[in-house]
Amino acid sequence: MKRQDLLEAVGNIHDRWVEEAHAPRKKTVGWMKWGALAACLVITVVLLLPGTALQKPQEPEAMAGPPSTEINGIHYILSSYLEIETELPQGFEYGGVGEVDGQSWEYYVNPDIPTWVYVYQEVYDNITQQSSMKYVRYVDSRIRGKDYISYDGRLYVSMWSAAYWGENPDVTRERYEQVEAEYGIRMKGQAPANFVHLGKAEFTGHDTIPDLPLGCNTGSPEVYLNTEDETILLAGTVWHTAPDANGEQRHEGYNLYILCDDPLK
Amino acid sequence: MADHRDAEECVSDTWLRAWNSMPPQRPAVLSAFLGKITRSLCLNRFRHDHAQKRGGGQLPLVLEELDQALPGGTETEEELDRRQLEQTINGFLAALPEKKRAIFVCRYWYADSIDSIAARFGMSRGGVTMCLSRLRTDLRECLEKGGYAL
């Protein structure tokens with residue numbers, strides 16, 4: 001193995017970890033500040049006592065991700081599509097006041113779409129360099145950033161967005177690695193012979209859980225079913241890379257989707 | 001990247017490539033999608049510059065450190081199963097606590113400097129260096145267990 005292989009393999013780690021590593025760090029909350037002050041006092045006192053062993057204080061392990069809020073026991077995270085509206089979307093009504101990263105804002109709910117809330121908050125525009133109040137979509141953390149396809153009453157999640165770790169994994173690690181070893185996350189070229197064309201999926205909207213006979217929440221890809229293992233689907237896609245060994249930059253192929261449980265169960 | 005003009009060109013190329021690929025490809029996490037394009041462009045630029053004895057910045061240091069995570073044995077030209085290697089690294093990262101995983105990603109994905117990682121996580125420079133050193137050793141052991149030792 002060469003260092004280049006390792007460097008390139010590291011380049012293809014899960015998107016969520018890339019996002020997680022450079023996410024804004026959580027501000028220290030009040031009790032932590034007081035706790036740290038108390039710890040300093042204790043250390044100061046201990047330092048005054050000769051011969052006392054000192055233990056290095058532990059670093060706080062709390063990590064921050066994208067902006068998020070907790071409403072009625074559900075954790076909502078800023079939509080990965082950055083859905084920001086000037087007008088309150090239809091069907092949403094005032095739900096109360098919530099907190100996003102330590103600031104209080106009004107939020108709006110829609111009983112028909114319990115997986116979304118809109119927070120009326122200050123948004124800074126990098127281009128105009130001005131701040132204004134907007135309605136910002138936050139999505140139930142269990143489905144946020146997940147690419148789904150529904151087919152025949154079943155739900156499939158893309159290997160790109162499937163999580164086999166954490167509290168609510170979409171699939172088991174064993175299953176994920178089994179499919180990844182056999183097909184990969186994305187395959188280039190033609191679909192294998194054991195996949196049949198189901199048709200073009202109907203777009204159900206970003207941040208939704210599709211429930212159509214053949215629906216997709218990321219667009220309208222052509223979908224193929226593995227006839228030997230109906231827990232696997234392919235969705236047509238195109239991607240671009242730096243020029244490969246043949247100088248090619250545009251590639252056609254398929255994203256792998258695997259059967260998953262109801263994410264809201 | 002050491003050269004500011006190179007960095008600007010890579011950013012411009014990122015927008016162009018993103019424009020060409022969306023739609024039909026819609027990334028689950030936009031920032032990571034754009035970042036992967038930029039990272040790939042930067043590495044290509046670095047290789048080109050390195051061949052001409054240019055370059056600098058964090059990348060040579062990051063590459064040097066990653067050498068320590070490579071399993072032992074002689075280097076061969078054999079084609080590696082990249083997919084399997086990526087799977088092994090993803091498995092290694094999945095098993096790490098969030099903070100350690102983020103430190104690893106900051107250094108070896110973003111090529112962040114030790115100082116900036118130390119500032120981000122409220123650690124000392126030495127603490128970050130020690131943490132990375134242990135992570136490289138752990139990764140090396142993980143790769144060896146995965147059959148990457150020759």
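This is a predicted model: local features need pLDDT of at least 70, side-chain atom pairs count only at pLDDT 80 or more; totals for chains, interfaces and linings use all residues.

Modeller: Strands (E, at least two residues) and helices (H or I, at least four) are DSSP runs numbered from the N terminus, and two strands pair if DSSP finds at least two bridges between them. Residues are numbered from 1 along each chain as its sequence is written, chains are lettered from A and ligands numbered from 1 in the order in which they are written. Local features need pLDDT of at least 70, side-chain atom pairs count only at pLDDT 80 or more, and totals for chains, interfaces and linings use all residues.

Colleague: In β16(A), which residue is the bridge partner of A:H240?

Modeller: Within β16(A), A:H240 has as its bridge partner A:R250.

Colleague: How many residues are in the hairpin that joins β14(A) to β15(A)?

Modeller: Strand β14 (residues 222–226) and strand β15 (residues 232–240) of chain A run antiparallel, with 3 bridges. A:Y224 stands opposite A:L234 in β15(A). The hairpin joins β14(A) to β15(A) through 5 residues.

Colleague: Which residues of strand β8 of chain A are buried, and on which sides?

Modeller: A residue is buried if 20 or more other C-beta atoms, placed from the backbone, lie within 10 Å of its own, exposed if 12 or fewer, and partly exposed in between. In a regular strand the side chains alternate between the two faces of the sheet. Both faces of β8(A) (residues 148–151) are covered, and the buried residues are A:Y148 and A:S150 on one side, and A:I149 and A:Y151 on the other.

Colleague: Why do the buried residues of helix α1 of chain A line one face?

Modeller: In α1(A) (residues 3–10), A:L6, A:A9 and A:V10 are buried. The arc is that of the directions from the helix axis to the C-beta atoms. Seen down the axis of α1(A), the buried residues line one face because they fall within an arc of 100°.
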